[in-house]
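Dear colleague,

Please find below the structure that I promised to pass on, together with its sequence.

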Amino acid sequence: MQSLATFARKALTIVVAALFIGLTLLPAIQIVLRLIGMPFIGAEELTRFFLICMIFLSYPLVVAAKENIVMGELKNMLPAGLRRFLEVLIELSATVLSFYVSYAAYHTVMRNLKNATPTLQIPFWLFLGSTLVAFLLAGFIHLSELYAKLFRSRA
C-alpha cells in the first residue's frame with residue numbers, strides 16, 4: 001500500500017511539474033511567436049488550463065506533505081486534550097469537505113461532458129476532472145490522517 005502511495009505521489013508530482021513548465025513556457029513562446037508574426041491562437045486559454053489543473057492537482061501533494069496553512073502557535077498554546085480534539089475536528093472537517101467537493105465535481109463533470117472552451121475546444125471535463133481527482137485524493141489522505149489521529153496512542 002505504501003509503495004502505491006509513493007508511486008501516486010511521484011506521478012502526481014511529475015504531472016504538476018509538467019503543468020508548471022507548460023505554464024511558464026507558453027507565455028514566452030507566445031511572445032516569441034508574436035515577434036516573428038506567427039501568434040499562437042489560444043495560448044492564453046491553454047495557459048489558464050495549465051494554471052487551473054496545476055493548482056488543483058497540487059492540493060493532494062500539499063495535504064500529503066502536511067504543508068497546509070495552520071495556526072500552530074495558537075494550537076500549541078491550548079491544553080493537550082483540547083488541542084487533540086481540535087486536530088481531530090479539523091481533520092474530520094477537511095475529510096468531509098474534500099469528499100463533498102469531489103462529489104460536486106463529479107456531478108458537474110457529468111453535466112458538462114459535451115461542453116468545451118471556445119478557442120481550443122478543450123473539454124470542460126478536463127478542467128473539472130482535475131478538481132475531482134485532486135479532492136478525491138485529498139479526501140483519502142485526510143481520511144488516513146483522521147484514522148491515525150483517532151486511533152494513535154495517547155502516550
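I begin with Lys149, whose place is in helix H5; helices here are DSSP runs of H or I with at least four residues, strands are runs of E with at least two, and both are numbered from the N terminus. Before going further, please note that this is a predicted model, in which local features need pLDDT of at least 70 and side-chain atom pairs count only at pLDDT 80 or more, while totals for chains, interfaces and linings use all residues. Residues are numbered from 1 along each chain as its sequence is written, and side-chain values use heavy atoms, with hydrogens and water left out.

Lys149 counts as buried because its relative accessibility is 17%, where buried means under 20% relative accessible area, exposed over 50% and partly exposed in between, with a 1.4 Å probe and protein chains only. Leaving aside neighbours within four places in sequence, Lys149 is in contact with Arg84, Glu87, Val88 and Glu91, contact meaning heavy atoms within 4.5 Å. Between the C-alpha atoms of Lys149 and Leu120, which are 29 residues apart along the chain, the separation is 46 Å.

As for the overall fold, the chain has five helices and zero strands, so that the elements read α-α-α-α-α from the N terminus on. The radius of gyration, taken over C-alpha atoms, is 20 Å, well over the 15 Å that the globule rule (2.2 Å times the number of residues to the power 0.38) gives for 155 residues, so the chain is more spread out than a compact globule. Along the principal axes, the C-alpha atoms fill a box of roughly 70 × 35 × 30 Å. Of the 155 residues, 32% count as buried, and residues 24 or more positions apart account for 73% of the contacts with a separation of 6 or more.

The largest nonpolar core has 15 residues, of which Leu19, Leu46, Phe49, Phe50 and Leu57 touch the most other members; such a core is a set of buried Ala, Val, Leu, Ile, Met, Phe, Trp, Tyr and Cys residues joined through side-chain atoms within 4.5 Å. Helix H1 (2-35), H2 and H5 each supply at least two residues of this core, and the largest share, seven residues, comes from H2. Not counting residues up to four places away in sequence, Leu57 touches Leu12, Val15, Val16, Leu19, Ser130, Val133 and Ala134.

Lys66, in the loop between helix H2 (43-64) and helix H3 (72-77), has a phi near 55°, a positive value in a residue other than glycine, and Lys66 counts as exposed because its relative accessibility is 56%. Gln121, which lies in the loop between helix H4 (80-111) and helix H5 (124-151), also is not a glycine and has a positive phi of about 60°.

With best regards
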